[in-house]
Amino acid sequence: MNESEATAAPPRDLPTSSGDILEAAGQPVGSGAVKPGYDPRLANEDLAPLPRQTWSTYNIFAFWMSDVHSVGGYVTAGSLFALGLTSWQVLVALLVGITIVYFFCNLVARPSQQAAVPYPVVCRASFGVLGANIPAIIRGLIAVAWYGIQTYLASAALDVVLLKLFGGLAPYADVHQYGFLGLPLLGWCSFAALWVLQAAVFWTGMETIRRFIDFCGPAVYVVMFALTGYLIYKAGWGAMSLNLGGERHGGSTISIMLGAIALVVSYFSGPMLNFGDFARYGKDFGAVRRGNLLGLPVNFLVFSLLVVLTASLTIPVFGELITDPVQTVARIDSTFAIVLGALTFTTATIGINIVANFISPAFDFSNVSPQRISWRAGGMIAAVCSVLITPWNLYNNPDVIRYTLETLGAFIGPLFGVLIADFYLIRRQTIVVDDLFTMSERGSYWYHKGFNPPAVIATVVGAVIAMLTVVIPGSAISWIHTAAQYSWFIGMGLGLAVYYLLARRSPVTATSLVAPVPSPRTPQTEPRAATR
């Protein structure tokens, strides 16, 4: 490590023009402190360590409230009824699953908060300064998938409004009459309109996004409370029962509930891995941990109760189980209520989508070529790719939802396992921040030509084996369908174990394990050379 790399230098003056203030947290992108010794192939002002970390407990809580309250979250929770679980069993599965997510979010948050850098930069410690592009691209593509899915779900809510106001559009909502690639013409128009709207909001700047977020979380709560109240009014208080639910299709209750818990974790696996991009803004780890507690177990408890009660009450009110909140709203007699509810869910999903699924791929793609791809350009790359994957085919019924979650979990799990094994088990929570930004062969994270072989091998092994459980048909191996539900856990466990075993014995990895003596804690105006 060069002397210039180890010495903390005051951050240079950074431009904060209105064209470059879009960001993931409460301060502009482009506010990172780029030191003179940082290699331009690894650093720009979006990726460099933050000189100031200002997010409080409330900021973290607000982030999770916005991330949880979406049509996608409701539909995913509602899809658990299709497994044959009753209302109280779905509720238990949701709460156990979110508690696991809370625990893992705290683990993934610490390295980014400690070093004040986003996830793809933290990955340079485990994968190498160039090898980090592997998890960055994988995560970026997964975020693209989620961005497309959330845009599709928001467009479906918009379709409900359009059909209610303009009944003559019904033929254009029929995929058999006017369909292309699995989506009807009306769906294409709604999807395109929201795609353009989200891109425009993204381009406008943080203040516009902040207004969206300030409105989204509370607005969805208002609508869901109102919807629950309406269903109780229609069905009567006596109709509420936590024993209502879907039809059982075989399997023991315990095994089905465990599978449901795994699906909840898989649903949040993307935001869980992405959380480092937001935790870097936390003023201290205590604030991050408290925000996670309020935003995940506590907030999700209320959300889950509303989802479970609303879905179960659709049986006595409408004669069938409806797990999509937009479709539930569409059954209400009042046009005003339908329009208000559907537009609220649409707006909320847009706000959540921009924060949760634009920001992470923007960092990931910028990490690949910091000088050629700006943070904003990375976000637009994600937006374009989100159309190409035809996301409506990934989330259009409970079976497809589970298959999508299992596939995403198979790829996300190993990335999580490698990060945790490296930071906690191998390096004992030590990061040489300045060496994350140097191409010098003497740098801690150069390894072999910028790549750390154990991390790459562990990722491949974990992802391939986890994915095999998803793609092998149940007719070939009787238990494979059950194993597929745990694809995230399989990938994570294998990634962690394989990396730990290889890294401990690898002479290449060992070159980075000479822990520096941590420098005295410096003021927040200067990034630290080493953190522990």
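A crossing of two helices is left-handed if the near helix is turned anticlockwise from the far one by less than a right angle, and right-handed if clockwise. I take helices (H or I, at least four residues) and strands (E, at least two) as DSSP runs, numbered from the N terminus.

**Entry 1: ground rules.** I am reading a predicted model, where local features need pLDDT of at least 70 and side-chain atom pairs count only at pLDDT 80 or more, while totals for chains, interfaces and linings use all residues. Residues are numbered from 1 along each chain as its sequence is written, and side-chain values use heavy atoms, with hydrogens and water left out.

**Entry 2: the whole chain.** I looked up the elements and found 20 helices and four strands in the protein chain. The chain has 532 residues, and 58% of them count as buried. Buried means under 20% relative accessible area, exposed over 50%, and partly exposed in between (1.4 Å probe, protein chains only). Next I looked up contacts, meaning heavy atoms within 4.5 Å. Among those between residues at least 6 apart in sequence, 81% join residues at least 24 apart.

**Entry 3: H3 and H12.** Two packed helices are described by the angle between their axes and the distance between the axes. I use axes that are lines fitted to C-alpha atoms, for helices over the stretch in contact, and angles that run from 0 to 180 degrees between N-to-C directions. The axes of H3 (residues 71–79) and H12 (residues 285–318) come within 10 Å and cross at roughly 60°. I therefore note H3 and H12 as oblique to each other; angles under 35 degrees count as roughly parallel, over 145 as roughly antiparallel, 65 to 115 as roughly perpendicular and the rest as oblique. The crossing of H3 and H12 is right-handed. On the H3 side I list Gly73, Tyr74, Ala77 and Gly78, and on the H12 side Phe303, Val307, Thr310 and Ala311. By class, this contact of H3 with H12 has five nonpolar, three polar and no charged residues. For the classes, Ala, Val, Leu, Ile, Met, Phe, Trp, Tyr, Cys and Pro count as nonpolar, Asp, Glu, Lys and Arg as charged, and the others, Gly among them, as polar.

**Entry 4: H4 and H10.** I find H4 (residues 87–115) packed on H10 (residues 253–274) at an angle of about 40°, with the axes 8 Å apart. That makes H4 oblique to H10, and H4 passes H10 in a right-handed crossing. The contact includes Val92, Ile100 and Phe104 of H4 and Met257, Val264 and Phe268 of H10. By class, the contact of H4 with H10 has 18 nonpolar, three polar and no charged residues.

**Entry 5: aromatic rings.** I find 17 aromatic pairs in the structure. Rings of Phe, Tyr and Trp (its six-membered ring) pair if their centres lie within 6.5 Å; planes under 30 degrees apart count as stacked, over 60 as edge-to-face and the rest as tilted. Phenylalanine 423 and tyrosine 424 have ring centres 4.8 Å apart and planes at 90°, so I log the pair as edge-to-face. Both phenylalanine 423 and tyrosine 424 are buried. I also note one aromatic cluster, formed by Phe103, Phe104, Phe416, Trp488 and Phe489.

**Entry 6: two single residues.** Serine 126 is in helix H6 (residues 124–127) and is buried, at 1% relative accessible area. Leaving out residues up to four places away in sequence, I find serine 126 touching Val418, Asp422, Tyr447, Asn452, Ala455 and Tyr499. Leucine 162 lies in helix H7 (residues 133–165) and counts as partly exposed, at 23% relative accessibility.
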